[in-house]
Every structure is written in C-alpha cells, then in structure tokens.
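Please read this briefing alongside the sequence and the coordinates. It is meant for a reader who wants to follow the contacts residue by residue.

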Amino acid sequence: MKKDKKKKKHKKDGESSRVYRVIYKIFAGIVGLIFNIRVIRREEESEKGRFIVCANHTSATDAIVICYAFKKHQVRYMAKKELFKIPVLAPLIKLLGAFPVDRGGNDVGAIRKAVDMVKDGKCMGIFPQGHRYPCVDPRETKTKNGAALIATRAEADIIPAYIARKNNKFKLFRKTYVIIGERIPFSELNYDKDADGEYARITSLVFDKVCTIGEDFEAERKAKKEAKKKK
C-alpha cells in the first residue's frame with residue numbers, strides 16, 4: 001500500500017513538471033521580452049538536478065526571472081501562505097510548483113517538504129536576504145539561514161546567481177541580467193554538524209559568492225564601456 005502511494009506521489013510530481021514545461025514554452029518568450037532578460041553563463045546550469053539556487057532579491061518579479069533563466073529545471077519556491085488565499089493567484093503558483101510557508105513562525109513542515117523535494121532530485125529557489133531590498137547594495141543587507149538549513153539537511157549543491165538591474169530596481173522593459181555562477185558542491189561547504197554557527201557561516205559563504213558575481217559583472221561592463229570611449 002505504501003509503495004502504491006509513493007508511486008502516485010512521483011506520478012503527480014511528474015505531471016506537475018509537464019504542466020510547468022507547457023507553461024514555460026508558452027510564456028517564456030513573453031516574459032523575456034517584457035522583463036528584457038539577458039542570461040549570462042547559462043551553461044553553468046547542468047543537467048543534474050538536486051540543487052538550490054541562491055540569488056539576491058530586489059523585486060517581486062525575481063522568482064519569475066530565475067525560473068526563466070533556468071531552462072533545464074523547474075525551480076520551486078516556498079511562498080508565504082497568504083498568497084494561497086487569493087483565488088486567482090493560488091492555482092497558478094501551485095501549478096508553478098510553489099508551496100506555502102508560515103513566515104511568522106517556525107514552519108517545520110514547510111522546511112521538511114523543501115528538504116524532501118531536493119532529496120528527490122528537484123530544485124529549489126531561495127533568496128537568502130529573505131525580503132526584497134530595491135535600490136540597495138546587497139552586501140549591506142541582512143541574510144537568513146534557510147538555504148543553508150535546507151542544503152545541509154538535503155546534502156544539496158548550491159548554484160549562486162545574481163540579478164543585475166540599473167540601481168537594483170525593477171522597471172518594465174528595463175534590462176535585467178541574470179548571471180549564473182559556478183555550482184558549489186555540497187562537499188565544498190565543509191559542513192560540520194557538531195560545530196556552532198554553521199548555518200550562518202554557510203549563508204555568509206554562499207551570499208558572498210552571489211555578491212561577488214554581481215560585482216565582477218558590473219566591473220566587466222564598466223571596463224568595456226571605458227574601452228569603447230577610448231576608441
């Protein structure tokens with residue numbers, strides 16, 4: 001009986017993924033045009049799943065932008081439970097693979113679900129900042145340890161990514177760059193379950209890589225502009 005339930009669960013997950021692929025094919029072009037998205041180093045997204053995407057957070061559109069940038073995998077999210085009470089929005093975000101989390105408390109069930117999903121080979125998207133910080137240097141913001149918690153429990157790799165916009169502010173049709181960083185294998189996180197402060201250390205390590213990706217990208221763009229002026 002348990003095996004049958006497990007088979008049904010996997011079948012349901014597979015059907016959900018197919019629905020997502022249909023939605024992606026229909027709307028990806030429109031999303032890319034409206035949000036004017038440019039994806040840099042897309043080759044860093046490997047065929048292998050079971051990873052967590054960690055990116056900076058400046059706009060409510062960031063989850064959609066990350067989903068657009070990662071073509072080979074369905075990036076799933078935890079979304080605040082209040083969104084699932086909105087009649088039109090709730091069915092849509094469920095189809096996209098989102099599931100509710102109570103941000104006001106310690107939602108053990110949502111964390112467990114996220115860990116199980118990643119262990120099962122799926123991919124999660126998490127913004128370490130926890131909240132949107134438009135017009136702010138991400139290095140100056142606080143971070144939360146959710147990504148580190150899920151990564152260590154699922155023994156998952158992490159892919160850092162940076163969302164670059166002018167003045168770190170979203171605007172329709174303004175260029176949005178998504179720079180995908182090199183995958184960080186779980187082993188390179190050097191997680192020690194017996195050490196204190198491991199979640200904070202790993203969060204700091206990962207978010208530093210996220211910020212560095214953005215800084216390197218901006219420095220490269222600036223150098224190219226200066227080179228053009230000299231010609």
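Predicted model: local features only at pLDDT ≥ 70, side-chain atom pairs only at ≥ 80, totals over all residues.

The model contains an open sheet of 6 strands, ordered β1-β8-β7-β2-β6-β3, in which the pairing is mixed. Within that sheet, β7 has 8 of its 8 residues buried, so the strand is largely enclosed by the rest of the structure. Helix α2 packs on the sheet, and helix α5 lies across β2, β6 and β7.

**Sheet layout and pairing**

- The edge positions belong to β1 (37-40) and β3 (75-76), each of which has a single partner strand, so one side of each is left without a neighbour in the sheet.
- Strand β3 is joined by 2 bridges to β6 (residues 123-126), and these two strands run parallel; within this pairing, Arg76 has Met124 of β6 as its bridge partner.
- Strands β2 and β7 also run parallel, and 5 bridges join them, with Ala55 having Ala161 in β7 as its bridge partner.
- The pairing of β7 with β8, in contrast, is antiparallel and extends over 4 bridges, and here Ala164 stands opposite Tyr177 in β8.

**Strand β7 and its two sides**

- In a regular strand the side chains alternate between the two faces of the sheet.
- Along β7, Asp157, Ile159, Ala161 and Ile163 point one way, while Ile158, Pro160, Tyr162 and Ala164 point the other way, and all of these residues are buried.

- Helix α2 (residues 62-69) touches β1, β2 (51-55), β3, β7 (157-164) and β8 (176-180), and its direction makes about 55° with that of β8.
- Of the 8 residues of α2, 6 are buried, so this helix is largely enclosed by the rest of the structure; the buried residues are Asp62, Val65, Ile66, Cys67, Tyr68 and Ala69.
- Helix α5 (residues 146-154), which lies across β2, β6 and β7, runs at about 165° to β2.

**Packing of α5 with α6**

- Two packed helices are described by the angle between their axes and the distance between the axes.
- The axes of α5 and helix α6 (residues 198-230) come within 8 Å and cross at roughly 105°, which makes α5 roughly perpendicular to α6.
- On the α5 side the contact involves Ala148, Leu149, Thr152 and Arg153, which meet Tyr199, Ile202 and Thr203 in α6; the residues of this contact divide into 4 nonpolar, 2 polar and 1 charged.

- Asp157 lies in strand β7 and is buried, with a relative accessible area of 13%.
- A polar atom of the side chain of Asp157 lies 2.8 Å from the backbone nitrogen of Phe186.
- Leaving aside residues up to four places away in sequence, Asp157 touches Lys48, Arg50, Phe51, Ile52, Arg183, Ile184, Pro185 and Phe186.
- Arg165 is found in the loop between β7 and β8, and at 6% relative accessibility this residue counts as buried.
- The side chain of Arg165 makes a polar contact, at 2.9 Å, with the side chain of Asp62, a residue listed among the buried ones of α2.
- With residues up to four places away in sequence again left out, the residues that Arg165 touches include Thr58, Ser59, Thr61, Asp62 and Val65, as well as Phe170, Lys175 and Thr176.
- Arg165 and Thr58 are 107 residues apart in sequence, whereas their C-alpha atoms are 8.9 Å apart in space.

**Backbone points to check**

- Most residues other than glycine have a negative phi.
- Arg41, in the loop between β1 and β2, has a positive phi, near 60°, and is partly exposed, with a relative accessible area of 36%.
- Glu155, which is found in the loop between α5 and β7, likewise has a positive phi, near 55°, and is exposed, with a relative accessible area of 51%.

How values were computed
Residues numbered from 1 in each chain as written. Heavy atoms only, no water. Pairing = 2+ DSSP bridges. Contact = heavy atoms within 4.5 Å. Axes fitted to C-alpha atoms, helices over the stretch in contact; angles between N-to-C directions. Buried < 20%, exposed > 50% of the residue type's maximum accessible area, 1.4 Å probe, protein only. Parallel < 35°, antiparallel > 145°, perpendicular 65-115°, else oblique. Nonpolar A, V, L, I, M, F, W, Y, C, P; charged D, E, K, R; others polar. Polar contact = N/O pair within 3.5 Å; in protein donor to acceptor, adjacent residues only side chain to side chain.
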